[in-house]
Amino acid sequence: MSRISYITPENFTEAQEGLFKSITGGKRGEGRAPEDLLNSEGGMSGPFNAWLRSPMLGDAAQRLGETVRFESALSPQLRELAILIVAAKWKAQYEWWAHERIARREGLDERIIESVKAETLPDCANPIETVVYNFARELLDEHRVSEVLYAQAVELLGETGIVELVILLGYYTLVSMTLNVFEVPVPASEDAPFVGTEAERD
C-alpha cells in the first residue's frame, strides 16, 4: 500500500485536473483512455499521484519525462536499458515493473534485462550497450564519469547523446526517489521484482 493516499479524479482541484489532462492528453496517453492511467483504487499510477500534491512542479517533471521518453535521440533499446539501470540501482519496484515490459517490447535482449536486474551486464551486450551501462553505473555509483569512459561515450553516442543520457538518468532518479519515498507498489495482480524491499504490492 502506498504511503500517500490516492487522489481520485472527482476530488481533483483545478490545478490537479490540469496536470491529469496534461499527462493523459500527452504522448503517454496516446491510444489509451484517461482511466487507463488510473490504478485499481482510482488514483494515478507511478509517481503521478504524489506529484498531484504539487501540480506546478509535477507538470514540469512529467513534461520533462515525456520528452525524455518519446523525443530522445537515444534509441528505444538504449533508453530502456538506462531506465532499468536506474530502477535496479534504486530497487524501485514500480519503475522496474513498468519498464521491464517496455524494454521487452522495444527489443532489448532478455539476457540483458535479467542481468541488469542483478546489476551486471552479460557478454552478449554490444559495444554501445556496454558503454551506456558502464557510464550510467559509474555516474550513479561514483557521481562522476572518468575521462576514459567519457571519451568512449563521446565516440559512440556523441555529445548530444551523452547530454540526453545524463538528463534521462536524472529524471528516472527523481522518479525512483518518488516511488521509494511514497512506497508506490506494483499492481496487486503482479509480482514485485525486488523481494524484501518496501512497496511490493498494491
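This is a predicted model: local features need pLDDT of at least 70, side-chain atom pairs count only at pLDDT 80 or more; totals for chains, interfaces and linings use all residues.
Local features here need pLDDT of at least 70 and side-chain atom pairs count only at pLDDT 80 or more, while totals for chains, interfaces and linings use all residues, and side-chain values use heavy atoms, with hydrogens and water left out.

**Stop one: Gln-16.** Select residues 14-24, helix H1, and find Gln-16 in it; helices are DSSP runs of H or I with at least four residues, numbered from the N terminus. Gln-16 is buried, at 9% relative accessible area, where buried means under 20% with a 1.4 Å probe, protein chains only. Now show Ile-7, Asn-11, Leu-52 and Pro-55: Gln-16 touches them, leaving aside residues up to four places away in sequence (contact is heavy atoms within 4.5 Å).

**Stop two: helix H7.** Move on to residues 127-142, the 16 residues of H7. Color its buried residues, among them Val-131, Tyr-133, Phe-135 and Leu-140. The buried residues of H7 pack against helices H4 (76-90), H6 (110-117) and H8 (147-181). Just past the helix, click His-143, which has a positive phi of about 65°.

**Stop three: the cavity lining.** Finally, select Ser-2, Ile-4, Tyr-6, Met-44, Gly-46, Asn-49, Ala-50 and Val-184, which line the largest cavity. On a 1 Å grid over the protein atoms alone, a cavity is a set of points where a 1.4 Å probe fits but cannot get out, and lining residues have an atom within 4 Å of a point.

Note on methods. Residues are numbered from 1 along each chain as its sequence is written. Helices (H or I, at least four residues) and strands (E, at least two) are DSSP runs, numbered from the N terminus. Buried means under 20% relative accessible area, exposed over 50%, partly exposed in between (1.4 Å probe, protein chains only). The expected span of a helix is 1.5 Å times one less than its number of residues. On a 1 Å grid over the protein atoms alone, a cavity is a set of points where a 1.4 Å probe fits but cannot get out, and a pocket is an open set with protein on both sides within 12 Å along at least five of seven lines; lining residues have an atom within 4 Å of a point.
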